[in-house]
Every structure is written in structure tokens, then in C-alpha cells.
Amino acid sequence: MGAPGLAAYAASKGGLETFLKTFALEVADSGIRANGVAPASVDTPMLQASFDRAPDPAAARAANVLRHPLGRLGTAEEVAELILFLSSDASAWITGTVVGIDGGAGITRR
């Protein structure tokens, strides 16, 4: 979704998604699947560093958490589990899609 001040970011994400869909079509005849993963805020040292740069790091973190209807940040392990699923035979019928793993952030504007 778009947000003020993030036009270049939004355009780059849209370009990646379109590239992924086109690439999936190009390699499907070879039996290759291509999917993407679109995480929202994942609790990592990099994200914490961005909070730490705010005047009130705890408030910055709390505001970010509020963007997610499930009421928390994601974990790297949760994203890894999705990637493992998409890499497994259990997802053999999935290609050309981007899977959001975002605690509901993509379905609301908070």
C-alpha cells in the first residue's frame, strides 16, 4: 500500500512483485516455482536499531506494534517457517505469488 513519503519504496516493491510474477511464468515450463515473501515488521536487531534512533524508542516500538492487528511484531523464525514451506513439496501447487506474513498489517491502515 502507499504512504506519504514512500513513493520510491512502494514503486520498488510493486516492481519486484511484477518481476516475480513474470519470472514465475518464464520458468514454469521447466518445473521451477517462484514465490515471494512480504514480511511486515520483524523483531530483529536492525528494526530495534531504527527504534533506538527515535527520541523515545519505547514509544516508537509501541507505535509500530499498533500497526499490526495481531498486536505484536513478527519473528525471524516465523518468516523462516514460511520460506521452508514455500521451498517444500507441500507447496508444489503454488507459484507466482507473494505471501504476506505481516500480522494483518496489509489488511488495515493503522
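Buried means under 20% relative accessible area, exposed means over 50%, and partly exposed covers what lies in between, using a 1.4 Å probe and protein chains only. By that scale R61, at a relative accessible area of 27%, is partly exposed. Welcome to a short tour of the charged pairs, rings and helix packing here. The model is predicted, so local features need pLDDT of at least 70 and side-chain atom pairs count only at pLDDT 80 or more, while totals for chains, interfaces and linings use all residues. Residues are numbered from 1 along each chain as its sequence is written, and side-chain values use heavy atoms, with hydrogens and water left out.

**Salt bridges**

- Side chains of opposite charge can pair when their charged atoms come close.
- The rule used here asks for a side-chain nitrogen of Lys or Arg within 4 Å of a carboxyl oxygen of Asp or Glu; a search of the whole structure with it turns up three salt bridges.
- R61 and D43 form one of them, with 2.8 Å from N to O. R61 sits in helix 3 (residues 57–66) and D43 in the loop between strand 1 (36–39) and helix 2 (45–52), so this pair ties together parts that are 18 residues apart in sequence. D43 is partly exposed, with a relative accessible area of 38%.
- For these labels, helices (H or I, at least four residues) and strands (E, at least two) are DSSP runs, numbered from the N terminus.
- E17 and K21 form a salt bridge whose closest N and O atoms are 4.0 Å apart. The two residues are four apart in helix 1 (residues 7–28), which means that about one helical turn separates them. E17 is partly exposed at 36% relative accessible area, and K21 is partly exposed at 37%.
- E78 pairs with R72 in a salt bridge, where the closest N and O atoms are 2.5 Å apart. E78 is partly exposed at 30% relative accessibility, and R72 is partly exposed at 41%.

- A pair of aromatic rings is described by the distance of the centres and the angle of the planes.
- Rings of Phe, Tyr and Trp (its six-membered ring) pair if their centres lie within 6.5 Å; planes under 30 degrees apart count as stacked, over 60 as edge-to-face and the rest as tilted.
- The count by this rule is one aromatic pair. F19 and F23 make up that stacked pair, at 5.9 Å centre to centre and with 15 degrees between the planes.
- Both F19 and F23 belong to helix 1, four residues apart, or about one turn of the helix. F19 is exposed, with a relative accessible area of 53%, whereas F23 is partly exposed at 35%.
- E26 is also a helix 1 residue, and its 59% relative accessibility makes it exposed.

**R33 and its partners**

- R33 lies in the loop between helix 1 and strand 1 and is partly exposed at 30% relative accessibility.
- Not counting residues up to four places away in sequence, R33 touches L86, S87, S88, S91, A92, I94 and T95. Contact here means heavy atoms within 4.5 Å.
- The R33 side chain reaches the backbone oxygen of S88 at 3.2 Å and the backbone oxygen of S91 at 2.8 Å.
- R33 and W93 are 60 residues apart along the chain, and their C-alpha atoms are separated by 8.6 Å.

**Helix 2 against helix 3**

- Helix 2 and helix 3 pack at an angle of about 125 degrees, with their axes 7 Å apart.
- Q48, F51 and D52 of helix 2 make the contact with P57, A60, R61 and N64 of helix 3.
- Axes are lines fitted to C-alpha atoms, for helices over the stretch in contact, and angles run from 0 to 180 degrees between N-to-C directions.
- N64, found in helix 3, is buried, with a relative accessible area of 12%. Leaving aside neighbours within four places in sequence, N64 is in contact with S41, F51 and L73.

Technical notes: A polar contact is a pair of N or O atoms within 3.5 Å; within protein, one must be able to donate a hydrogen and the other to accept it, and residues adjacent in sequence count only if both atoms are side-chain atoms.
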